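Please look over the chain shown below before reading the briefing that follows.

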Amino acid sequence: MAQIIDGNAVAEEIKKEIIEETEKLKAKGITPGIATLLVGDDFGARMYRGQVEKNCQSVGFNYFDKSLPADTTEEEVVNIVKELNDDPAVSGILPLRPFPPHVSDSAVINTIRVDKDIDCFHPFNMGRLTLGEPTLAPCTPSACIELLERVGIDFEGAEIVVVGHSNIVGKPVALLALNRNATITVTHIFTSQAGNLAKHTTGADILIVAAGKAGLITPDLVKEGAVVIDVGINRVKVLDEEGNPVLDEKGKPKTKTVGDVDFENVKEKVKAITPVPGGVGAVTNMMLLKNALTAAKMQAGIE
Ligand code: NAD
(Lines give C-alpha, C1' and ligand atoms only; values in the text may rest on other atoms or scores of the structure.)
Protein backbone atom coordinates (compact mmCIF):
# COMPACT_ATOMS: atom_id res chain seq x y z
CA MET A 1 0.00 0.00 0.00
CA ALA A 2 1.40 3.34 -1.06
CA GLN A 3 2.29 6.26 1.14
CA ILE A 4 -0.30 8.93 0.39
CA ILE A 5 1.71 12.14 0.33
CA ASP A 6 -0.33 14.64 2.34
CA GLY A 7 -0.02 17.98 0.55
CA ASN A 8 -2.13 19.73 3.17
CA ALA A 9 0.24 18.64 5.95
CA VAL A 10 3.29 19.73 3.94
CA ALA A 11 1.57 23.06 3.21
CA GLU A 12 0.94 23.56 6.95
CA GLU A 13 4.64 22.87 7.71
CA ILE A 14 5.73 25.40 5.08
CA LYS A 15 3.20 27.92 6.37
CA LYS A 16 4.69 27.70 9.89
CA GLU A 17 8.17 28.30 8.43
CA ILE A 18 6.88 31.31 6.47
CA ILE A 19 5.20 32.78 9.57
CA GLU A 20 8.46 32.46 11.55
CA GLU A 21 10.49 34.08 8.76
CA THR A 22 7.91 36.84 8.37
CA GLU A 23 8.09 37.68 12.06
CA LYS A 24 11.88 37.96 11.80
CA LEU A 25 11.55 40.26 8.80
CA LYS A 26 8.91 42.38 10.53
CA ALA A 27 11.32 42.86 13.43
CA LYS A 28 13.62 44.48 10.85
CA GLY A 29 10.80 46.76 9.65
CA ILE A 30 9.97 44.75 6.51
CA THR A 31 6.53 43.29 5.79
CA PRO A 32 6.25 41.21 2.61
CA GLY A 33 3.34 42.26 0.39
CA ILE A 34 1.67 40.67 -2.61
CA ALA A 35 -0.30 42.62 -5.22
CA THR A 36 -2.65 40.72 -7.50
CA LEU A 37 -3.56 42.12 -10.90
CA LEU A 38 -6.98 41.14 -12.20
CA VAL A 39 -8.40 42.54 -15.45
CA GLY A 40 -12.07 41.72 -16.05
CA ASP A 41 -14.04 39.16 -14.06
CA ASP A 42 -12.93 35.68 -15.10
CA PHE A 43 -14.39 33.30 -12.50
CA GLY A 44 -11.23 31.23 -11.95
CA ALA A 45 -9.05 34.35 -11.68
CA ARG A 46 -11.44 35.89 -9.14
CA MET A 47 -11.44 32.69 -7.08
CA TYR A 48 -7.65 32.63 -7.09
CA ARG A 49 -7.54 36.33 -6.09
CA GLY A 50 -9.64 35.63 -2.99
CA GLN A 51 -7.46 32.66 -2.10
CA VAL A 52 -4.26 34.73 -2.37
CA GLU A 53 -5.77 37.46 -0.16
CA LYS A 54 -6.72 34.88 2.48
CA ASN A 55 -3.30 33.22 2.33
CA CYS A 56 -1.55 36.58 2.73
CA GLN A 57 -3.61 37.35 5.83
CA SER A 58 -2.87 33.91 7.30
CA VAL A 59 0.90 34.53 7.36
CA GLY A 60 0.92 38.26 8.18
CA PHE A 61 1.72 39.60 4.68
CA ASN A 62 0.24 42.79 3.29
CA TYR A 63 -2.13 42.29 0.38
CA PHE A 64 -2.96 44.77 -2.42
CA ASP A 65 -5.89 44.25 -4.75
CA LYS A 66 -5.62 45.74 -8.24
CA SER A 67 -8.89 44.67 -9.86
CA LEU A 68 -9.49 46.52 -13.12
CA PRO A 69 -12.52 46.61 -15.43
CA ALA A 70 -12.41 44.42 -18.55
CA ASP A 71 -12.17 47.48 -20.83
CA THR A 72 -8.92 48.76 -19.26
CA THR A 73 -6.46 49.29 -22.12
CA GLU A 74 -3.20 47.35 -22.33
CA GLU A 75 -1.30 50.62 -21.84
CA GLU A 76 -3.23 51.36 -18.63
CA VAL A 77 -2.56 47.83 -17.31
CA VAL A 78 1.14 48.16 -18.11
CA ASN A 79 1.22 51.53 -16.31
CA ILE A 80 -0.31 49.97 -13.21
CA VAL A 81 2.37 47.26 -13.27
CA LYS A 82 5.00 50.03 -13.42
CA GLU A 83 3.40 51.71 -10.37
CA LEU A 84 3.51 48.40 -8.50
CA ASN A 85 7.14 47.96 -9.56
CA ASP A 86 7.93 51.32 -7.93
CA ASP A 87 5.91 50.71 -4.76
CA PRO A 88 8.27 49.57 -1.96
CA ALA A 89 5.37 48.00 -0.02
CA VAL A 90 4.80 45.53 -2.88
CA SER A 91 7.31 42.66 -2.78
CA GLY A 92 5.63 40.52 -5.42
CA ILE A 93 3.21 41.05 -8.31
CA LEU A 94 0.87 38.26 -9.38
CA PRO A 95 -0.94 38.65 -12.72
CA LEU A 96 -4.20 36.71 -12.58
CA ARG A 97 -4.84 35.25 -15.99
CA PRO A 98 -6.65 34.97 -18.31
CA PHE A 99 -6.63 38.65 -19.27
CA PRO A 100 -9.15 39.97 -21.81
CA PRO A 101 -7.95 39.32 -25.39
CA HIS A 102 -6.77 42.94 -25.96
CA VAL A 103 -4.27 42.68 -23.06
CA SER A 104 -1.35 40.46 -24.02
CA ASP A 105 0.20 38.26 -21.35
CA SER A 106 3.71 39.08 -22.50
CA ALA A 107 3.15 42.87 -22.38
CA VAL A 108 2.22 42.53 -18.71
CA ILE A 109 4.71 39.85 -17.68
CA ASN A 110 7.67 41.50 -19.43
CA THR A 111 6.94 44.73 -17.52
CA ILE A 112 7.08 43.12 -14.07
CA ARG A 113 10.33 43.87 -12.23
CA VAL A 114 12.25 40.60 -12.25
CA ASP A 115 12.71 40.64 -8.47
CA LYS A 116 8.93 41.05 -8.02
CA ASP A 117 8.02 38.27 -10.48
CA ILE A 118 6.76 35.79 -7.85
CA ASP A 119 5.09 33.56 -10.46
CA CYS A 120 8.42 33.35 -12.30
CA PHE A 121 7.06 33.78 -15.81
CA HIS A 122 9.35 36.65 -16.86
CA PRO A 123 11.82 35.47 -19.55
CA PHE A 124 14.70 36.59 -17.29
CA ASN A 125 13.60 34.28 -14.47
CA MET A 126 12.83 31.43 -16.89
CA GLY A 127 16.33 31.97 -18.28
CA ARG A 128 17.88 31.80 -14.80
CA LEU A 129 15.98 28.57 -14.23
CA THR A 130 17.38 27.15 -17.48
CA LEU A 131 20.90 28.14 -16.41
CA GLY A 132 20.40 26.38 -13.07
CA GLU A 133 20.55 29.65 -11.11
CA PRO A 134 16.94 30.33 -10.16
CA THR A 135 16.23 32.99 -7.55
CA LEU A 136 12.45 32.80 -7.88
CA ALA A 137 11.12 29.50 -9.24
CA PRO A 138 7.61 28.89 -10.61
CA CYS A 139 5.13 27.87 -7.91
CA THR A 140 3.54 24.62 -9.10
CA PRO A 141 6.81 23.06 -10.33
CA SER A 142 8.46 24.10 -7.04
CA ALA A 143 5.61 22.50 -5.14
CA CYS A 144 6.31 19.17 -6.92
CA ILE A 145 9.99 19.36 -5.96
CA GLU A 146 9.21 20.43 -2.38
CA LEU A 147 6.85 17.45 -1.94
CA LEU A 148 9.49 15.05 -3.28
CA GLU A 149 12.20 16.56 -1.07
CA ARG A 150 10.02 16.35 2.02
CA VAL A 151 9.36 12.64 1.43
CA GLY A 152 13.11 12.14 1.20
CA ILE A 153 13.58 11.52 -2.53
CA ASP A 154 17.18 11.46 -3.74
CA PHE A 155 17.17 13.22 -7.12
CA GLU A 156 20.70 12.37 -8.19
CA GLY A 157 20.52 9.87 -11.04
CA ALA A 158 16.80 9.21 -10.48
CA GLU A 159 14.81 8.47 -13.63
CA ILE A 160 12.14 11.17 -13.69
CA VAL A 161 9.49 11.22 -16.37
CA VAL A 162 7.29 14.29 -16.79
CA VAL A 163 3.98 14.01 -18.65
CA GLY A 164 3.12 17.44 -20.11
CA HIS A 165 5.42 20.08 -21.59
CA SER A 166 3.66 23.38 -20.83
CA ASN A 167 5.61 26.50 -19.92
CA ILE A 168 3.71 26.63 -16.62
CA VAL A 169 4.32 23.12 -15.30
CA GLY A 170 5.99 20.51 -17.53
CA LYS A 171 9.06 22.38 -18.80
CA PRO A 172 9.98 24.17 -15.56
CA VAL A 173 9.50 21.09 -13.36
CA ALA A 174 11.78 19.16 -15.73
CA LEU A 175 14.40 21.92 -15.39
CA LEU A 176 14.14 22.02 -11.59
CA ALA A 177 14.68 18.25 -11.44
CA LEU A 178 17.50 18.41 -14.01
CA ASN A 179 19.18 21.08 -11.86
CA ARG A 180 19.14 18.45 -9.07
CA ASN A 181 20.96 15.99 -11.35
CA ALA A 182 18.04 13.68 -12.10
CA THR A 183 17.76 12.05 -15.53
CA ILE A 184 14.78 13.68 -17.19
CA THR A 185 12.40 12.56 -19.90
CA VAL A 186 9.64 14.95 -20.96
CA THR A 187 6.61 13.41 -22.68
CA HIS A 188 3.54 15.13 -24.12
CA ILE A 189 0.52 14.69 -26.35
CA PHE A 190 2.66 13.79 -29.37
CA THR A 191 4.41 11.08 -27.33
CA SER A 192 0.96 9.59 -26.66
CA GLN A 193 -0.14 9.96 -30.25
CA ALA A 194 3.02 8.16 -31.39
CA GLY A 195 2.07 5.30 -29.03
CA ASN A 196 5.18 5.81 -26.91
CA LEU A 197 3.84 7.05 -23.56
CA ALA A 198 4.04 3.71 -21.71
CA LYS A 199 7.56 3.08 -23.03
CA HIS A 200 8.75 6.13 -21.09
CA THR A 201 6.46 6.21 -18.03
CA THR A 202 7.08 2.57 -17.09
CA GLY A 203 10.77 3.40 -16.68
CA ALA A 204 10.12 6.22 -14.21
CA ASP A 205 11.32 6.10 -10.61
CA ILE A 206 9.38 9.34 -10.25
CA LEU A 207 6.46 10.19 -12.49
CA ILE A 208 5.22 13.80 -12.57
CA VAL A 209 1.93 14.15 -14.43
CA ALA A 210 0.58 17.51 -15.64
CA ALA A 211 -1.60 16.85 -18.67
CA GLY A 212 -5.09 17.94 -17.60
CA LYS A 213 -6.64 14.62 -18.63
CA ALA A 214 -8.54 12.62 -15.99
CA GLY A 215 -7.63 8.93 -15.87
CA LEU A 216 -4.67 9.29 -18.25
CA ILE A 217 -2.27 7.37 -16.02
CA THR A 218 -3.49 3.82 -15.43
CA PRO A 219 -1.53 1.14 -13.49
CA ASP A 220 -0.03 -0.37 -16.67
CA LEU A 221 1.74 2.96 -17.32
CA VAL A 222 3.50 2.95 -13.95
CA LYS A 223 6.53 1.07 -12.64
CA GLU A 224 6.06 -0.99 -9.46
CA GLY A 225 7.37 1.04 -6.50
CA ALA A 226 7.46 4.39 -8.34
CA VAL A 227 6.64 7.75 -6.76
CA VAL A 228 3.80 9.58 -8.52
CA ILE A 229 3.12 13.31 -8.35
CA ASP A 230 -0.25 14.21 -9.84
CA VAL A 231 -0.51 17.87 -10.83
CA GLY A 232 -3.70 17.58 -12.89
CA ILE A 233 -6.93 19.22 -11.82
CA ASN A 234 -10.04 18.00 -13.64
CA ARG A 235 -13.77 18.31 -12.90
CA VAL A 236 -15.53 15.06 -13.73
CA LYS A 237 -19.05 13.69 -13.26
CA VAL A 238 -19.65 11.43 -10.26
CA LEU A 239 -20.80 8.03 -11.59
CA ASP A 240 -22.69 5.26 -9.82
CA GLU A 241 -21.67 1.57 -9.90
CA GLU A 242 -23.34 1.13 -13.30
CA GLY A 243 -21.52 4.10 -14.78
CA ASN A 244 -24.52 6.45 -14.77
CA PRO A 245 -24.18 10.09 -13.58
CA VAL A 246 -25.25 10.69 -9.97
CA LEU A 247 -27.63 13.67 -9.79
CA ASP A 248 -27.82 16.35 -7.09
CA GLU A 249 -31.06 17.57 -5.48
CA LYS A 250 -31.64 19.93 -8.46
CA GLY A 251 -31.32 17.04 -10.91
CA LYS A 252 -27.92 18.18 -12.20
CA PRO A 253 -24.99 15.74 -12.48
CA LYS A 254 -22.77 15.85 -9.39
CA THR A 255 -19.12 16.62 -10.12
CA LYS A 256 -15.85 16.12 -8.26
CA THR A 257 -12.20 17.15 -8.66
CA VAL A 258 -9.71 14.48 -9.73
CA GLY A 259 -6.16 14.46 -11.02
CA ASP A 260 -4.69 12.87 -14.16
CA VAL A 261 -3.87 9.60 -12.38
CA ASP A 262 -6.30 6.73 -11.81
CA PHE A 263 -5.57 7.15 -8.09
CA GLU A 264 -7.50 4.16 -6.67
CA ASN A 265 -5.80 1.60 -8.91
CA VAL A 266 -2.36 3.20 -9.26
CA LYS A 267 -1.94 3.55 -5.49
CA GLU A 268 -1.92 -0.26 -5.20
CA LYS A 269 1.25 -0.45 -7.28
CA VAL A 270 3.40 2.52 -6.29
CA LYS A 271 5.55 3.47 -3.29
CA ALA A 272 4.07 6.94 -2.82
CA ILE A 273 1.47 9.11 -4.54
CA THR A 274 -0.12 12.55 -4.16
CA PRO A 275 -3.92 12.72 -4.03
CA VAL A 276 -6.10 15.30 -5.83
CA PRO A 277 -7.34 17.34 -4.06
CA GLY A 278 -4.95 17.59 -1.10
CA GLY A 279 -1.67 17.15 -2.97
CA VAL A 280 0.27 19.56 -5.18
CA GLY A 281 -2.35 22.36 -5.15
CA ALA A 282 -2.12 23.04 -1.41
CA VAL A 283 1.67 23.32 -1.59
CA THR A 284 1.55 25.54 -4.70
CA ASN A 285 -0.24 28.23 -2.64
CA MET A 286 2.58 28.18 -0.09
CA MET A 287 5.29 28.40 -2.77
CA LEU A 288 3.80 31.69 -3.94
CA LEU A 289 4.11 33.06 -0.38
CA LYS A 290 7.64 31.67 -0.14
CA ASN A 291 8.59 33.47 -3.35
CA ALA A 292 7.14 36.73 -1.99
CA LEU A 293 9.22 36.29 1.16
CA THR A 294 12.37 35.69 -0.94
CA ALA A 295 11.49 38.72 -3.08
CA ALA A 296 11.05 40.94 0.01
CA LYS A 297 14.46 39.80 1.29
CA MET A 298 16.14 40.38 -2.09
CA GLN A 299 14.67 43.87 -2.29
CA ALA A 300 15.95 44.63 1.24
CA GLY A 301 19.39 43.21 0.43
CA ILE A 302 19.00 40.40 2.99
CA GLU A 303 20.45 36.97 2.16
P1 NAD B 1 -1.56 22.70 -20.65
O2 NAD B 1 -2.87 22.40 -21.30
O3 NAD B 1 -0.88 23.99 -20.91
O4 NAD B 1 -0.54 21.52 -21.02
C5 NAD B 1 -0.94 20.19 -21.00
C6 NAD B 1 0.24 19.32 -21.38
O7 NAD B 1 -0.17 17.97 -21.31
C8 NAD B 1 0.74 19.56 -22.80
O9 NAD B 1 2.14 19.52 -22.81
C10 NAD B 1 0.17 18.40 -23.59
O11 NAD B 1 0.99 18.03 -24.69
C12 NAD B 1 0.13 17.31 -22.53
N13 NAD B 1 -0.89 16.30 -22.77
C14 NAD B 1 -2.22 16.49 -22.98
N15 NAD B 1 -2.84 15.33 -23.21
C16 NAD B 1 -1.89 14.38 -23.15
C17 NAD B 1 -1.89 12.97 -23.33
N18 NAD B 1 -3.01 12.32 -23.66
N19 NAD B 1 -0.72 12.30 -23.21
C20 NAD B 1 0.42 12.95 -22.90
N21 NAD B 1 0.49 14.28 -22.73
C22 NAD B 1 -0.66 14.99 -22.86
O23 NAD B 1 -1.82 22.47 -19.09
P24 NAD B 1 -0.98 22.99 -17.80
O25 NAD B 1 -1.26 24.43 -17.59
O26 NAD B 1 0.41 22.51 -17.88
O27 NAD B 1 -1.75 22.18 -16.66
C28 NAD B 1 -1.77 20.77 -16.65
C29 NAD B 1 -2.71 20.30 -15.56
O30 NAD B 1 -2.21 20.74 -14.31
C31 NAD B 1 -4.13 20.87 -15.64
O32 NAD B 1 -5.04 19.90 -15.19
C33 NAD B 1 -4.11 22.05 -14.69
O34 NAD B 1 -5.39 22.34 -14.17
C35 NAD B 1 -3.20 21.49 -13.63
N36 NAD B 1 -2.51 22.54 -12.84
C37 NAD B 1 -2.46 22.35 -11.50
C38 NAD B 1 -1.81 23.27 -10.70
C39 NAD B 1 -1.72 23.04 -9.21
O40 NAD B 1 -1.32 23.91 -8.48
N41 NAD B 1 -2.05 21.84 -8.73
C42 NAD B 1 -1.21 24.40 -11.26
C43 NAD B 1 -1.23 24.54 -12.66
C44 NAD B 1 -1.89 23.59 -13.45
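In this predicted model, Ile-5 is found in the loop that runs between β1 (3-4) and α1. Because its relative accessibility is 1%, below the 20% cut-off, Ile-5 counts as buried.

**Surroundings of Ile-5**
- Leaving aside neighbours within four places in sequence, Ile-5 is in contact with Leu-147 and Val-151, with Val-227 and Ile-229, and with Ala-272, Ile-273, Thr-274, Pro-275 and Gly-278.
- One of these partners, Ile-229, lies 224 residues away from Ile-5 along the chain, yet the two C-alpha atoms are separated by 8.9 Å.

**Two positions in helix α1**
- Ile-14 belongs to helix α1, which covers residues 7-27, and Ile-14 is buried, since its relative accessible area is 0%.
- Not counting residues up to four places away in sequence, Ile-14 touches Glu-146 and Arg-150, together with Val-283, Met-286, Met-287 and Lys-290.
- Ile-14 and Glu-146 stand 132 residues apart in sequence, while their C-alpha atoms are 9.6 Å apart in space.
- Thr-22 also lies in helix α1, and because its relative accessibility is 2%, Thr-22 counts as buried.
- The residues that Thr-22 touches, when those up to four places away in sequence are not counted, are Pro-32, Val-59, Gly-60, Phe-61 and Leu-293.

**Ser-91, a loop position**
- Ser-91 is placed in the loop between α3 (74-86) and β4 (92-96), and with a relative accessible area of 3% Ser-91 is therefore buried.
- Apart from residues up to four places away in sequence, Ser-91 touches Thr-31, Pro-32 and Gly-33, Asp-115 and Lys-116, and also Ala-292, Ala-295, Ala-296 and Gln-299.

**Helix α6 and its cover**
- Helix α6 is mostly covered, with ten of its twelve residues buried; among them are Cys-139, Cys-144, Glu-146 and Leu-147.
- The elements that cover the buried residues of α6 include the helices α1, α7 (170-178) and α11 (280-300), as well as the strands β7 (206-209) and β8 (227-230).
- Just after α6, Gly-152 takes a positive phi of about 80°.

**The chain as a whole**
- The protein chain has eleven helices and eleven strands, and its C-alpha trace spans about 55 × 50 × 35 Å along the principal axes.
- The radius of gyration of the protein chain is 20 Å, which agrees with the value near 19 Å that a compact globule would have with 303 residues.
- Of the 303 residues in the protein chain, 47% are buried.
- Among contacts in the protein chain with a separation of 6 or more, 70% are between residues 24 or more positions apart.
- The protein chain exposes about 14400 Å², and carbon and sulfur atoms supply 51% of that area.

Key: Residues numbered from 1 in each chain as written. Predicted model: local features only at pLDDT ≥ 70, side-chain atom pairs only at ≥ 80, totals over all residues. Heavy atoms only, no water. Helix = DSSP H or I, 4+ residues; strand = E, 2+ residues; numbered from the N terminus. Buried < 20%, exposed > 50% of the residue type's maximum accessible area, 1.4 Å probe, protein only. Contact = heavy atoms within 4.5 Å. Rg over C-alpha atoms; globule rule 2.2 N^0.38 Å. Areas by Shrake-Rupley, 256 points an atom, 1.4 Å probe, with all protein chains shown as cover.
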